[in-house]
Amino acid sequence: MSGPSTYQPRNSVIAWIERRLPIFGLIHSSFIAYPTPRNLNYWWTFGGILSFMLAVQIVTGVILAMHYTPEATMAFNSVENIVRDVNYGWLLRNLHACGASMFFVAVYVHMFRGLYYGSYKEPREVLWILGVIIYLLMMATGFMGYVLPWGQMSFWGATVITNLFSAIPYFGESIVTLLWGGYSVGNPTLNRFFSLHYLLPFVIAGVVVLHVWALHVAGQNNPAGVEPKTEKDTVPFTPYATIKDSFGMACFIIFYFWFVFYMPNYLGDADNYIPANPGVTPAHIVPEWYYLPFYAMLRSIPNKLGGVVVMFSAILILAFLPWLDSAKTKSSRYRPLAKQFFWIFVVVCILLGWLGGKPPEGIYVIAGRILTFCYFAYFLIVLPILSRIEKPRPVPNSIADDVLAKTGSSRTPMVSTVIVLAVAGSLFAGATGTARAEDHQENPPSQKWSFAGPVGTYDRGALQRGYKVYKEVCSTCHSMNLMYFRNLADPGGPGFSTAQASAVASDYKVKDGPNDAGEMFERPGRLADRFPAPFPNDNAARAANGGALPPDLSLIAKARSYPRGFPQFIFDFFTQFQEQGPNYIDALLQGYVDPPKDFKLPEGSYYNKYFPGHAIKMPKPLSDDQVSYDDGSPQKLDQYARDVATFLMWTAEPHMEARKRLGLQVMVFMIIFALLLYFTKKKVWADAH
Amino acid sequence: MHAGQPRAGLRSSGKGANRTILDCVFPLFWPGQAVILPPRGAAGAGSLSGPFAFALPGAVPPAADEKGLGIVTTATSADHPTRRDFLFVATGAAAVVGGALSVWPLVSQMNPDASTIAAGAPIEVDLTPIAEGQDIKVFWRGKPIYISHRTKKQIEEAQKVNVASLPDPQPDSARVKEGHDQWLVVIGICTHLGCIPIAHEGNYDGFFCPCHGSQYDSSGRIRQGPAPANLPVPPYAFLSDSKIKIG
């Protein structure tokens, strides 16, 4: 990308094209002959990983858009339709949703790497600023993408973030109205966010081209921070960098797929499985983990405009970094003080992220202010002063010298960074949960579920019994709108035959019409029909249930969660624990006890140990011997609760078995592939080290 | 692929310096020193030093250029030639297989989803309201199905035709159910380019397609115009004399 190539094609067809459009020469000089410093470490593979993630997001995103409906009343269900009915829809959706998080994981590693090794310094200032622009675009894209499922967090996230702009003096309100396309966040907002969410990734791709162009003009920085001088300092991009990047990428993909196949909801928020409700704000609004540090800064400033200014400045200040840090030595490896401050800065960012997930009260506000000060101090005070007073250690004469003199010291930052980042990731992930820990609520006991773990499957008997309990008890008040009769016969479900499922369907009366006379009529249900709701609309359901709306049960097992607390949520990542929903349902159904003496129970409510706030409108729904089982299972409350919880986990995720089965196959393949790449990489690099 | 000159001078003192856990786990793989390839493609050396910010490091043999990664299958080395070749081929093959398999879900998602398939289940149609000489249009799987209650004249015309003279020869008996000659059930989509023909129009007492002038007779057979085939008969069966099940 740095000028006319001297590439000489030997194939005559390629030569013919090359004379007219030198595209092969461009590819050759950019991705094959391009000289890369020979001392690059694995932190440099994240550029390639980011390109890969952008491609994944665009491909899966374009596909999801084929099935998604950007309309306020249909968006939520269309996402569920993708996950439930589209072939491999669950996979594509997980790839896209987890992919967003992985994109940010990679970009943060990439940015901290640039920070540590001084990759923003002369002559790479424009390269760095383009990176900051990409990061800003990514944040906008990620935010708008999160709005699209139109769950509670989507809706309220959109409300809070768009309201940031109302802080702007004079024009604020007009800008917000412009963003909304209405008097509040609504269907027009969703539509334009969808349009922009589709557009921005291509803008990102365009800026990435500029970023790579600038990179190929200036050349890559390297851990030593000295520019290549002779041929001995570099190796050609292919095969050396390609194979190393491929190996790094394969390892990253394994990490990525751990989420996709085993913990797709670990980084998400359970509230987003509740459809958007403009009348009720979730108790704790928390953005996605990758915005948490900036969210913490926003909240730590007591002034509305001030908070917004501080938050945006925190990102924009990065663009000025090349001039704030004027030290001649690039790599922090040779800057003893800068190195220490760098790690302090990393910790500050992590702590800010952790605070972003905490409720904005008491000590958290004060800590937020101190850390916000530290964040800005690093850029505005520490770096400018350090670049004047610090005495750097001597840098190697050349990259070749650096490679020869390689000692254990260069590995130390890598190891410690891995540890710090692992803790950071866990803290972020757990931050959402910890925000709720303030309720002093007893957590439901953890049950053993057959569907837990990497190879878990549903217990067919429990699903069938659970369905019976649902049908005889729950369904009198609770709808199950996302489930169809045909689902009963789906593979990985309760194992009904198609005939049995048809028989179940025909027991129900389904409203259809209008007929030729223009009248609605009732007919027996068919496999293609949804389970009919017990009430014609929400208001009727409320009126019949003392003012409280019995929630739809299709997704309840994914829409309910509870905090696991530190350090439990770190272990959860490794044990793949994600059964909060079934645990909660199981506990709630058995949680009806006498209220404590000092508890004031409102009229028409019942005391439940595990319900948030304890006053639940639903009377104790199940008791021993209420539903008769024909397979000899004990007709006890705990058995009923367990069976219903299993059944509702299945209704929330009908393809869980397929997900885990495919996950195992893909993981085995990826591990073998990564090993092959590792050994190939070793062979290729054998004569270059 | 490989640099023009072996860079033995740049190697660190011994293998031990670069040892990783994987080396210990797989001691059987390449137990000895790493292989230094003999120089290849010397002609390419230095020929690429173009307008780069800094000099190119060495040669990329042209033979390897066009093969992307440049899987060197012909190279020989001192100690383990076949083992290294096997490694490169295996890695490349795994990449190709993995890439190909990952395309599967991306294509498969374009097929009809489960709700569409379920909605395409058979439908039942009551024939009692359809008087002789009338027809109705019902939709099945998004396609219009014409159900015609044919008159005696229409039936006779349809049966009388010299089948061999038709563009798409098919006797009327093959297009209706035995004993139900009066009922013609066809998918009302012109076999030319998919327009909907109009019933009771054209010269053959059947269907006329307004798009490009194809004409079908009272058995739905193509008689005139650009359409190549008869209107298809959907799968259906009589549940009773007055009720059919399409699909």
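**Figure 1. Burial and overall dimensions of chain A in the predicted model.** Of the 689 residues in chain A, 45% are buried. The chain contains 25 helices and 6 strands. Along the principal axes, its C-alpha atoms fill a box of roughly 85 × 65 × 50 Å. The radius of gyration of chain A is 28 Å, which agrees with the value near 26 Å that a compact globule of 689 residues would have.

**Figure 2. Helix α11 of chain A, a mostly covered helix.** The buried residues include Leu292(A), Pro293(A), Phe294(A), Tyr295(A) and Ala296(A). Met297(A), Leu298(A), Arg299(A) and Ser300(A) are buried as well. In an α-helix there are 3.6 residues a turn, so residues three or four places apart point the same way.

**Figure 3. The crossing of helices α6 and α9 in chain A.** Helix α6(A) comprises residues 125–147 and helix α9(A) comprises residues 187–218. Their axes come within 8 Å and cross at roughly 160°. An angle over 145 degrees counts as roughly antiparallel, and α6(A) and α9(A) are therefore roughly antiparallel to each other. The crossing of α6(A) past α9(A) is left-handed. Sorted by class, the residues in this contact are 23 nonpolar and 5 polar, with no charged residues.

**Figure 4. Strands β2, β3 and β4 of chain B.** Strand β2(B), residues 135–140, pairs with strand β3(B), residues 143–149, in the antiparallel sense over 6 bridges. Within this pairing, Asp135(B) stands opposite Ser148(B) of β3(B). The two strands β2(B) and β3(B) form a hairpin, with 2 residues between them. In the turn, Arg141(B) has a positive phi of about 55°. Strand β3(B) is also joined by 5 bridges to strand β4(B), residues 183–187, and these two strands run antiparallel. Here Ile145(B) has Ile187(B) in β4(B) as its bridge partner.

**Figure 5. The open sheet of 4 strands in chain B.** The strands are arranged in the order β5-β6-β7-β8, with antiparallel pairing. Strands β5(B), residues 198–201, and β8(B), residues 222–224, stand at the edges. Each of these edge strands has a single partner strand, so one side of each is left without a neighbour in the sheet. Strand β7(B), residues 215–216, pairs with β8(B) in the antiparallel sense over 2 bridges. Tyr216(B) stands opposite Ile222(B), a residue in β8(B).

Technical notes:
Residues numbered from 1 in each chain as written. Chains lettered and ligands numbered in written order. Predicted model: local features only at pLDDT ≥ 70, side-chain atom pairs only at ≥ 80, totals over all residues. Pairing = 2+ DSSP bridges. Axes fitted to C-alpha atoms, helices over the stretch in contact; angles between N-to-C directions. Parallel < 35°, antiparallel > 145°, perpendicular 65-115°, else oblique. Left-handed = near helix turned anticlockwise from the far one by under 90°. Nonpolar A, V, L, I, M, F, W, Y, C, P; charged D, E, K, R; others polar. Rg over C-alpha atoms; globule rule 2.2 N^0.38 Å. Buried ≥ 20, exposed ≤ 12 C-beta atoms within 10 Å, placed from the backbone.
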